[in-house]
Amino acid sequence: MNYNTGLFVKWAGGDVEICQGDFEIACADVKPGDFVYFDSPYVPVSETASFTDYTKEGFSLEDHKRLAALYRRLDSIGAKVMLSNHSVPLVHELYEGFKIEEFDVRRAINSDASKRTGKEVIITNY
Ligand SMILES: C[S@@+](CC[C@H](N)C(=O)[O-])C[C@H]1O[C@@H](n2cnc3c(N)ncnc32)[C@H](O)[C@@H]1O
């Protein structure tokens, strides 16, 4: 069982609600036409970095699969869904079939300055 939770923000018109909980709870009342953005914990870029070492939240491979399943569920009910992550094979696999836009980013942390760049993706279903 994973008890990790994050903060999320919901708003409708002028009403803003800040909550804490798992992403499944955050999306329990999503309706057709709603817009959902997941700024999800990153999948590790290197093969040597483990999921739990890489993110202090310890977001596991199972969590990434659970999030991708939720993304597909929200897509199937007619919500508009956006998610960002590193451009790595696992992310392309999990979100296969959706629109995946890749872009270059600068990364602040790497002892080798030439490796302070990378690719991320924005995935949408619209
Ligand atoms: C890439 S960060 C996003 C940061 C945020 N957008 C911001 O600007 O501060 C990923 C976030 O996912 C949250 N998180 C971790 N596990 C989660 C879960 N099971 N459900 C929802 N959010 C989770 C983390 O707490 C972290 O804040």
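1. Leaving aside the neighbours within four places in sequence, glutamate 101 is in contact with Val121 and Ile122. This should be read with the reminder that the model is a predicted one. The C-alpha atoms of glutamate 101 and glutamate 120 are separated by 8.3 Å, and these two residues are 19 residues apart along the chain.

2. Is glutamate 101 buried or exposed? Glutamate 101 has 11 other C-beta atoms within 10 Å, and because a residue counts as exposed if 12 or fewer such atoms lie within that distance, glutamate 101 is exposed.

3. As for the place of this residue in the fold, glutamate 101 lies in strand E5, which belongs to an open sheet of 4 strands arranged in the order E3-E4-E6-E5, with mixed pairing. Strand E5 (99-106) and strand E3 (35-39) stand at the edges of the sheet, each with a single partner strand, so one side of each is left without a neighbour in the sheet. On average, and with direction ignored, neighbouring strands of this sheet are turned by 20 degrees against each other.

Conventions. Residues numbered from 1 in each chain as written. Predicted model: local features only at pLDDT ≥ 70, side-chain atom pairs only at ≥ 80, totals over all residues. Pairing = 2+ DSSP bridges. Helix = DSSP H or I, 4+ residues; strand = E, 2+ residues; numbered from the N terminus. Axes fitted to C-alpha atoms, helices over the stretch in contact; angles between N-to-C directions. Buried ≥ 20, exposed ≤ 12 C-beta atoms within 10 Å, placed from the backbone. Contact = placed C-beta atoms within 7 Å.
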